[in-house]
Structures are given as C-alpha cells and as structure tokens.
Amino acid sequence: MPSEAILQRDGKTFAITVRFSGGFVTPADLEKIAAVARNHAIPVIKMTSGQRFLLAGILKKDLSAIWKDLGMDPVRATAPCVKFVQACIGSAWCRYGVQDSIRIAGEIERFASGTEFPAKIKIGVSGCGRNCSAGYFRDVGLFASTRGWTVTFGGNGGRIPRIGEVIGQDLSAADALDLVRRMLEYYCCNASEKERTSRFVERVGVPRIKSDVLSLCPYLTLEDAD
Ligand code: SF4
C-alpha cells in the first residue's frame, strides 16, 4: 500500500490529505485543488477536522500523477508523525484573540513536521481561552490569555478520551515553544511504539514528568514544576 495514501472502505480506492500550514489557503491553492480534482475525476473533496483537504476515491494508478499535478510533496498518511497543527485565527483576525496563534502554530509546525514520533501527534493552538482549536483534547494544546500561553500535554478524543494536563501557564511565546519542544523530545525518548501521549502520561505519571522535564524549565513556577 502506498504510504502517502489510505485505502478506503471499498477496498479499491485511496484517499490522500493535502496540508496547508495553519489551514490557510490562497485562491491559487483552491484553483489548483479544483483543477486536479476535475482532471482526475476525484469524486470526494472534504475539509477535515485538522484543517486539511482530503481527496478520496482515487485509484492507486493515479496517485503519483495526482501528487505531481498538485505540485506538493506526498504527505505520509500512515507514518507516526505530526498529523496537523490546528490554529484558530487568533489576535490577527479574531475580535477575541489576545495572542498570535497563527505565528506560534507555524513555528511548531516548522520544528515538529518531518519528525517521526512513537505515535501520531495532533496539536491545537488557540488565541484566547475560548479554545476553539480544542487544545485540551490534543496531544499538545496551547491557548492564550492576556498573561501569555497555557500549554497542555497528553489529551485526546477518540474511544478513550482524555483531557490534557496543564504543564505550563502564563508563558511567553518563546517559553511555550521551548516547553512544547522539550515535551515532544521527552515523549520521543520514553514512549513505547504506538503509545499515544494520553496513554504515555497515564503510564509514566505526572509526578515523573514534572521531575524529569518540568523541574528543569527555568520559566516554570515552583507550583508548575513541583
Ligand atoms: S480561540 Fe479565541 S481567538 Fe481563537 S477563534 Fe476562538 S474566540 Fe477567536
């Protein structure tokens, strides 16, 4: 099976996902997707919850030509990697936004994309406490207040949902990014194969994560790292 496509329930056709940083697309992007869908008779185009375009109903023989016509590198659909960094429009556009969610989501995407993790990672970044990107239910969540960023880790939806642990609060953008990087590195080094962050946090326990990682972060208060 091609690693950049997922076999669909009909057992014959495949789906691919096309990712745009932060979910932002230009008119040219939309025209390109529409043209490729028309030229290759792709029957389904769907916006996913992770702000990606899913193109489905594709025959295996057409996959390479479709990626070539899209002009994008194939996304490894089955690899344990960052599936998406979902960002709300934040302080750049939203009347409620107090921090720049688009910028911080872009930075996370730049350092985390392309890295293999023990299991898939979903990230949500929101520019205020309304948390429109559902950070508590993401492997890594960030949401903002006027005092800075709150970072959560180990959340997920799915069959066994879990609310992520708050691991830092009132952080500058630089410190929040550093904390996300440290937690992902720690997860990479210590999680078992296919172990999602939620199950990893349950197995390892918050006290050990605090002593192994959080107590080493100079910007966390004693309350956070105790
Ligand atoms: S989380 Fe806040 S800033 Fe982001 S879209 Fe929702 S209301 Fe706006």
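Of the 226 residues of the protein, 35% count as buried. A residue is buried if 20 or more other C-beta atoms lie within 10 Å of its own, exposed if 12 or fewer, and partly exposed in between, with C-beta atoms placed from the backbone. This is a predicted model: local features need pLDDT of at least 70, side-chain atom pairs count only at pLDDT 80 or more, and totals for chains, interfaces and linings use all residues. Residues are numbered from 1 along each chain as its sequence is written.

**Overall fold**

The secondary structure comes to 8 helices and 9 strands. Helices (H or I, at least four residues) and strands (E, at least two) are DSSP runs, numbered from the N terminus. The protein has a radius of gyration of 19 Å, close to the 17 Å that the globule rule gives for 226 residues, so it is as compact as a globular protein of that length. That radius is taken over C-alpha atoms, and the globule rule is 2.2 Å times the number of residues to the power 0.38. Along the principal axes, the C-alpha atoms fill a box of roughly 60 × 40 × 25 Å.

Contacts between residues 24 or more positions apart make up 55% of those with a separation of 6 or more. Two residues are in contact if their C-beta atoms, placed from the backbone, lie within 7 Å.

**Two domains**

The protein is divided into domain 1 (6–70) and domain 2 (82–225). These bounds come from an automatic or database domain assignment. The C-alpha centres of the two domains lie 28 Å apart. Across the boundary, 7 residues of domain 1 are in contact with 9 residues of domain 2. The side of domain 1 that touches domain 2 has no nonpolar, 5 polar and 2 charged residues. Here Ala, Val, Leu, Ile, Met, Phe, Trp, Tyr, Cys and Pro count as nonpolar, Asp, Glu, Lys and Arg as charged, and the others, Gly among them, as polar.

**Helix α6**

Helix α6 spans residues 197–204, and its buried residues are T197, S198, F200 and V201. Seen down the axis of α6, they fall within an arc of 165 degrees, so they line one face of the helix. The arc is that of the directions from the helix axis to the C-beta atoms. What covers these residues includes β8 (148–153), β9 (165–171), α5 (173–190) and α7 (206–212). Just after α6, G205 takes a positive phi of about 95 degrees.

A134 lies in the loop between β6 (121–126) and β7 (140–145). Its phi is positive, about 55 degrees, although A134 is not a glycine. A134 counts as partly exposed, with 17 C-beta neighbours inside 10 Å.

R138 has its place in the loop between β6 and β7. R138 counts as buried, with 26 C-beta neighbours inside 10 Å. Leaving out residues up to four places away in sequence, R138 touches K122, I123, G124, G155 and G164.

D170 is found in strand β9. D170 is not a glycine, yet has a positive phi of about 55 degrees. With 17 other C-beta atoms within 10 Å, D170 is partly exposed.

**Helices α1 and α2**

D29 lies in helix α1 (residues 27–39). D29 is partly exposed, with 15 other C-beta atoms within 10 Å. Helix α2 (residues 63–70) holds A65. S64 is found in helix α2 as well. A65 is partly exposed, with 13 other C-beta atoms within 10 Å. S64 counts as exposed, with 12 C-beta neighbours inside 10 Å.

**Pair distances**

The table gives C-alpha separations for some residue pairs.

| Pair | Apart along the chain | C-alpha to C-alpha |
|---|---|---|
| A65 and S101 | 36 residues | 35 Å |
| S64 and A87 | 23 residues | 29 Å |
| D29 and K120 | 91 residues | 26 Å |
| R138 and D178 | 40 residues | 18 Å |
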